[in-house]
Amino acid sequence: MPRATQILRKSRKVVEDLNLLKVLQSEISHELSSNSFQDDNNGSLGDFVLDWNSSQSQDVVLRRKSESGEEVAVSALLSPKTYDTEGIFPRKLLMKVCVKRPGLSSILQFDCGVSEKGVRRSDFKIRSAYFLQSTTVPGSSIYRGPLFSSLEPQLQDALKEYLVARGIREDLTNFLLLTLHKKEQGQYLDWLQKLESFVAKDERLFSAAAG
């Protein structure tokens with residue numbers, strides 16, 4: 001009787017694994033056939049260069065250095081939240097823009113959000129702006145500046161134009177939206193394929209042992 005129970009348990013495991021394998025294969029086929037972002041060439045880097053885009057990380061980093069010596073660095077990644085939208089991209093971006101002026105030790109950092117505004121359109125909003133000392137890591141109690149939304153509208157607009165003048169334009173935010181959504185889709189597909197291989201290998205080992 002214990003022998004029969006053991007066989008039943010193993011059989012149940014095989015059925016469950018086979019079901020998981022079928023679901024994984026179906027999802028992989030769907031992802032490969034959909035290619036939601038593969039044919040879209042919207043956006044451009046402008047004067048920025050792609051400094052970091054590892055297949056193992058969720059973010060990208062762009063850099064730009066002007067003739068005056070001013071340096072601008074942009075880092076961005078997808079927001080963890082998903083939004084209902086009529087456009088192409090289901091997620092917004094979290095973007096940081098750092099501006100360093102030659103001869104100054106401090107860095108002006110902007111924390112921003114990027115979202116799609118209709119098809120092939122996007123915009124960014126500044127959430128905070130503060131100074132960092134390039135050689136120190138600020139503590140949680142350090143004053144970082146006023147709440148951005150509390151600033152006068154004219155000052156908010158002027159700070160946004162300050163970033164636009166440094167290349168943070170719609171072409172760039174379109175590029176970031178597309179690049180990061182394609183990146184996440186590729187990472188998801190890679191994860192599915194690794195999971196399929198893991199489950200399939202386990203199933204083959206069990207079948208060999210049973211045979």
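User: Is E70 buried or exposed?
Analyst: In this predicted model, E70 has a relative accessibility of 8%. That is under the 20% cut-off, so E70 counts as buried.

User: What does the side chain of E70 pair with?
Analyst: E70 forms a salt bridge with R166, at 3.1 Å from N to O. The two are 96 residues apart, with E70 in the loop between β2 and β3 and R166 in the loop between α2 and α3. R166 is buried too, at 16%.

User: How many salt bridges in total?
Analyst: The count is eight. One of them pairs R91 with E184, with the closest N and O atoms 3.8 Å apart. R91 sits in the loop between β3 and β4, and E184 is in helix α3. R91 is buried at 18%, while E184 is partly exposed at 33%.

User: And what about D123, which residue does its side chain meet?
Analyst: K160, in a salt bridge of 2.9 Å from N to O. D123 lies in strand β6 and K160 in helix α2, so the pair ties together parts 37 residues apart in sequence.

User: Switching to T173. What does it touch?
Analyst: Leaving out residues up to four places away in sequence, T173 touches V114, S122, D123 and F124. T173 is in helix α3 and is buried, at 0% relative accessible area.

User: What's the overall layout?
Analyst: Along the sequence the pattern is α-β-β-β-β-β-β-α-α. Of the 211 residues, 33% count as buried.

Technical notes. Residues are numbered from 1 along each chain as its sequence is written. This is a predicted model: local features need pLDDT of at least 70, side-chain atom pairs count only at pLDDT 80 or more; totals for chains, interfaces and linings use all residues. Side-chain values use heavy atoms; hydrogens and water are left out. Helices (H or I, at least four residues) and strands (E, at least two) are DSSP runs, numbered from the N terminus. Buried means under 20% relative accessible area, exposed over 50%, partly exposed in between (1.4 Å probe, protein chains only). Contact means heavy atoms within 4.5 Å. A salt bridge is a side-chain nitrogen of Lys or Arg within 4 Å of a carboxyl oxygen of Asp or Glu.
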